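This briefing is intended for a reader who is meeting the structure for the first time. Please consult the sequence and the coordinates displayed here before turning to the notes.

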Amino acid sequence: MQYQFLGIGYLTWITFLPILGMIVVLLIPRASTNAMKWTALGATILQLVFAALIWINFNPALTGINDVSKFQFVEKATWINLQGVGWFGHVVIEYFLGIDGLSLPMIVLTSLISFVGVVASWNINKAQKGYFALYLLLDTGMMGVFVALDMFLFYMFWEIMLLPMYFLIGIWGGPRREYAAIKFFLYTLLGSVLILLVMLALYFSVSIKDPVTGQMTHTFNMLAMMNPANYDPNSILGGIGTYWRDVAFIALFIGFAIKVPIFPFHTWLPDAHVEAPTAISVILAGVLLKMGTYGFLRISFPIFPDAMLKYAFPLAILGFINIVYGALCAMAQTDFKKLIAYSSISHMGVVLLGIAAMNTQGVSGGVLQMFNHGVVTAMLFLVVGVIYDRAHTRGVNDFGGLANQMPVYTGIMTVAFFAAIGLPGLSEFVSEMLSYLGAFQTFQWVTIFASIGILLTAGYMLWTLQRVFLGQLPEKWKGLPDVNGRELVAFVPLMVVVILLGIFPSILLHPMNASLDHLVDFVHRVGTGLTAVK
Amino acid sequence: MAQTIYESFGYLLPETMLSIFFILTLMTALVGKRRSKYLPAYMALLGIVLAGIFVFRQIGVDELVFSGMYAVDPFSWFFKVIFLATGILIILFSLQSRELDAVATKYPEYFSLILALTIGAFFMAGSSNLLMMYLSLELVSISSYILSGFTKENARADEASLKYVIYGAFSSGLMLYGISLIYGMTGETNLYAMNQAIAVGNIPRITMLIAVILMLVGLGYKISAVPFHFWTPDVYEGAPITVTAFLSVTSKAAGFAMLMRFFKIGFIDLTAAPAMAGMWGIFKGLNWTDIIAVLSVLTMSVGNLVALWQSNMKRLLAYSSIAHAGYILMGFVTLTNQGMSAMLLYFVAYLLMNLGAFYVVMLIANKYHTENIEDYRGLGYRSPYAAFALTVFLFSLTGIPPTFGFIGKFYLFSALISTHYIWLAIVGVINSVVSLYYYAKVVRNMYLVEPIEKSRIEFDFGSNLLMTLLVVPNIALMLYFTPVLSWAQYSVTMFGLR
């Protein structure tokens with residue numbers, strides 16, 4: 001074990017630092033709210049430091065995906081080890097963490113957005129203790145999802161996020177928060193239980209040789225699930241392109257699609273976004289949505305490559321629907337936050353379209369788009385938060401002419417909006433272009449129609465910009481102050497990333513490249529290999 | 001096999017100890033101040049602890065005593081531990097109950113009845129003879145009739161008790177009829193002999209199936225499976241909360257223990273060589289697993305759907321406990337040891353989360369004088385710790401990580417998936433999503449709704465300690481469940497069967 005701090009691996013640190021912070025927050029007396037904020041900020045800054053350390057020490061040549069020796073920062077320990085009686089078999093659940101080029105951008109994104117989220121939560125004035133404790137718990141859950149390689153562990157982290165999210169929306173949210181919170185909870189739980197069933201079916205289908213005893217043992221190891229040789233021939237998910245493998249792929253797809261969210265499972269998102277407090281919207285759009293697409297790339301596609309290739313076209317169609325439907329809905333909104341929420345649906349469609357193409361450009365574009373959308377959308381929600389804090393309204397039509405009143409704010413918002421439109425020189429341009437480029441090779445017509453989305457995005461974004469910043473400043477907004485120092489602390493890192501990745505996308509593309517190449521190659525090789533045998 | 005009565009008594013020490021303390025507890029009414037609740041309570045606790053010592057000396061014992069009447073095996077051992085733990089917790093809860101103060105002069109009777117019910121439950125878990133089964137069932141039933149109507153000045157409690165008696169009498173009558181049919185066909189009341197008689201003899205399968213269904217009426221009534229559940233909400237609402245909590249765990253677990261033993265010993269085809277160890281075959285033509293699968297689906301769906309509309313906390317937990325009976329039954333459909341060990345694991349989880357929930361409900365009823373969910377508004381701000389504990393228990397009942405309830409559900413579903421009962425697993429998971437709605441409704445009232453009154457109400461140290469003792473395993477056992485799982489696996493062994 002090379003990368004350790006105080007004898008504990010980097011990935012454990014980065015995952016459980018927020019839990020440490022949570023414990024500290026819980027121990028702080030109720031009255032000293034400042035101490036809680038600083039603790040939360042400290043925990044997320046340390047997390048960011050670890051993310052930076054991991055990025056610096058990351059070896060871009062190693063592929064990962066299905067080969068444990070090519071994973072980095074691996075930590076493996078036995079969590080549950082039960083030498084059961086004969087009929088039960090040996091139960092092993094591992095604490096198995098590791099990252100490759102697919103998880104690295106997500107880790108960096110999670111740390112960055114978590115930090116920004118704490119800064120954006122500075123004004124929370126109700127039950128701060130509970131807020132920051134839950135926030136940090138949520139942070140651990142998110143980070144854990146991106147580093148876990150044992151499916152049971154993955155599922156644990158995946159589920160642990162639900163509770164804090166429910167409370168964060170439900171207690172600190174807007175007027176319809178109860179409805180939004182329970183809707184979010186029910187939707188995501190429905191998705192999770194589908195994942196649970198598939199996980200169990202995989203568990204009973206896959207067995208590997210125990211290195212110590214030599215007996216065949218069922219396992220939750222995701223990498224073992226990717227190897228077709230490990231499937232028991234008579235098990236439910238064994239065989240090639242069978243009925244149950246298709247069913248499992250679709251169940252898993254629905255589970256992850258609810259999180260992305262993909263049409264028609266998206267209806268929780270606008271409600272949750274509108275009601276959630278600013279920082280939670282930022283987290284929700286910045287990180288949580290990416291878990292769905294990360295789940296596709298980490299679990300669905302490599303484990304069911306046969307089904308993935310079979311359903312690639314429907315996936316692309318869904319991506320197209322997301323892009324256009326999301327953009328059209330966004331255009332119709334007058335609530336600023338809802339507008340951004342629908343634009344998220346549209347932008348996540350680009351990710352889906354890119355990864356459905358299953359070629360290097362498409363998948364790289366998709367993953368880069370996950371990162372870029374996380375950053376840009378976080379900025380957009382912060383932008384809305386800033387104006388809502390001041391004016392206590394989110395109606396796009398209520399504003400006008402703010403450009404003179406709040407020049408710095410206007411500058412920030414323009415950067416964010418143009419990044420979202422995909423202006424060359426800003427980050428989303430690169431990722432959208434790569435996604436469309438990849439998709440065009442595989443699904444020409446779908447991509448051509450989907451590119452209408454770019455036009456629509458430009459349309460609603462520019463129109464919004466015009467309604468808010470140009471024209472006559474209404475009398476009542478004459479006293480609005482410009483962004484303050486704290487808000488700048490949240491904006492500046494995101495803006496730096498947006499511009500940096502617009503100019504030098506390779507700093508992120510380079511470490512991802514080997515892994516994603518390998519992923520594409522693996523899915524095609526195993527997927528067609530399986531169907532060829534059939 | 002211990003044959004002589006003298007030898008057999010050696011295996012009956014826990015039950016004997018409980019019986020002695022049943023009488024001693026009752027006799028505390030004669031000495032000292034009659035109004036003291038502590039003397040009988042401590043006497044009963046002492047009885048349980050002493051019985052517990054004898055129970056723990058029975059680890060690994062696998063015997064059939066009193067000429068095949070009663071089995072002392074790992075399976076019954078498991079349930080005995082569950083009953084003792086529940087007994088201890090219920091006595092501790094009862095000491096804090098305000099409701100029972102209405103009948104303060106009757107504490108000796110109350111605590112001795114708790115012991116009586118525990119003895120009955122012990123016998124239910126171990127009996128391997130139809131007559132013994134019936135007698136122990138009646139012992140549990142009669143004790144619970146009295147307990148549920150214990151606060152007799154309360155009209156609702158009277159109604160509950162009467163309903164309970166009528167339903168109980170009816171269903172145990174039907175069960176007796178089933179027993180008589182089985183006896184008529186096989187000439188045996190011993191379960192092992194009955195199994196052999198079915199295996200060799202030419203038993204009419206249809207009549208046998210009818211007898212099985214009649215038996216299921218009695219057993220289904222005890223575990224409150226739909227459609228034999230109608231008594232449950234009324235009794236659970238009317239009875240004192242401590243009694244409700246007691247019935248929901250001990251009486252239900254005993255019913256399940258008896259059901260599992262009856263079917264596993266009575267109806268497994270021992271000659272059908274199992275393809276894999278841990279799988280059972282059943283006699284051809286006796287497809288009781290299908291009946292149980294239907295029963296399970298009905299039980300959890302009705303329980304969950306009706307719970308959605310409840311506004312009384314006790315009634316909500318009553319329907320939720322019906323739903324949980326449905327989940328547990330799923331494990332039995334698989335006909336494997338794996339499914340059965342999942343059921344046992346679930347009982348441990350169920351004990352922790354259900355008793356915990358009832359305890360907090362009782363504490364809240366003590367201080368806030370309400371069981372109405374609407375009145376739980378703002379509890380998260382007024383009594384933060386109790387609300388937190390209740391939240392843990394409710395999410396554990398839902399089965400969401402990081403709680404032990406998740407592990408319970410996880411193993412039930414894994415048993416179903418490994419035996420390819422996919423449809424049942426899907427019904428199960430959809431049910432647990434539905435259940436989230438009503439559990440979360442309580443949590444919503446506690447946290448998401450602004451309190452009308454802001455004053456804080458704290459609980460005393462003892463209550464907080466007991467809540468902590470129940471909260472900690474609910475989370476800790478999720479993080480490390482190896483011991484419980486291996487215990488549950490070990491405990492599926494019944495006498496004479498592997």
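The structure is a predicted model, and it scores ipTM 0.89 and pTM 0.91. Chain A is assigned two domains, domain 1 (1-310) and domain 2 (317-503). Chain A also meets chain B in a contact that takes 31 residues from chain A and 30 residues from chain B.

**Confidence**

- For chain B the mean pLDDT is 87, and 96% of the residues of chain B reach 70 or more.
- Where pLDDT is low, the predicted coordinates should not be read in detail.

**Overall form of chain A**

- The secondary structure of chain A amounts to 22 helices and six strands.
- The C-alpha trace of chain A spans about 80 × 60 × 40 Å along its principal axes.
- A compact globule of 534 residues would have a radius of gyration near 24 Å, so the 23 Å of chain A agrees with that expectation.
- Of the 534 residues in chain A, 60% count as buried.
- Among contacts in chain A between residues at least 6 apart in sequence, 80% join residues at least 24 apart.

**The two domains of chain A**

- A distance of 26 Å separates the C-alpha centres of domain 1 and domain 2 of chain A.
- Where these domains of chain A touch, 30 residues of domain 1 are in contact with 31 residues of domain 2.
- On the domain 1 side, the elements of chain A that give two or more residues are α3 (103-120), α10 (268-275) and α11 (278-303).
- The most is given to that side by α11(A), with eleven residues.
- By residue type, the domain 1 side divides into 22 nonpolar, seven polar and one charged.

**A residue in helix α9 of chain A**

- A:I250 belongs to helix α9 (residues 243-259) of chain A.
- A:P302 lies 52 residues from A:I250 along the chain, and their C-alpha atoms are separated by 14 Å.

**The contact between chain A and chain B**

- The contact draws 31 residues from chain A and 30 residues from chain B.
- On the chain A side, β3 (72-83), α5 (151-160), α6 (162-172) and α7 (177-205) of chain A each supply at least two residues.
- The most comes from α7(A), which gives 14 residues to the side of chain A that touches chain B.
- The residues on this side of chain A comprise 24 nonpolar, four polar and three charged.

- Helix α6 (residues 130-148) of chain B has 19 residues and reaches 27 Å from its first C-alpha to its last, close to the 27 Å expected at 1.5 Å a residue.
- The buried residues of α6(B) include B:L130, B:M133, B:L137, B:V140, B:Y145 and B:L147.
- Packing against the buried residues of α6(B) are β2 (70-72), α5 (107-126), α7 (155-186), α9 (205-222), α10 (231-238) and α11 (241-267) of chain B.
- B:A169 is placed in helix α7 of chain B.
- B:A169 and B:E138 are 31 residues apart in sequence and 9.2 Å apart in space, C-alpha to C-alpha.

Notes. Residues numbered from 1 in each chain as written. Chains lettered and ligands numbered in written order. Predicted model: local features only at pLDDT ≥ 70, side-chain atom pairs only at ≥ 80, totals over all residues. Contact = placed C-beta atoms within 7 Å. Helix = DSSP H or I, 4+ residues; strand = E, 2+ residues; numbered from the N terminus. Nonpolar A, V, L, I, M, F, W, Y, C, P; charged D, E, K, R; others polar. Expected span 1.5 Å × (residues − 1). Buried ≥ 20, exposed ≤ 12 C-beta atoms within 10 Å, placed from the backbone. pLDDT = per-residue confidence, 0-100. Domains from an automatic or database assignment. Rg over C-alpha atoms; globule rule 2.2 N^0.38 Å.
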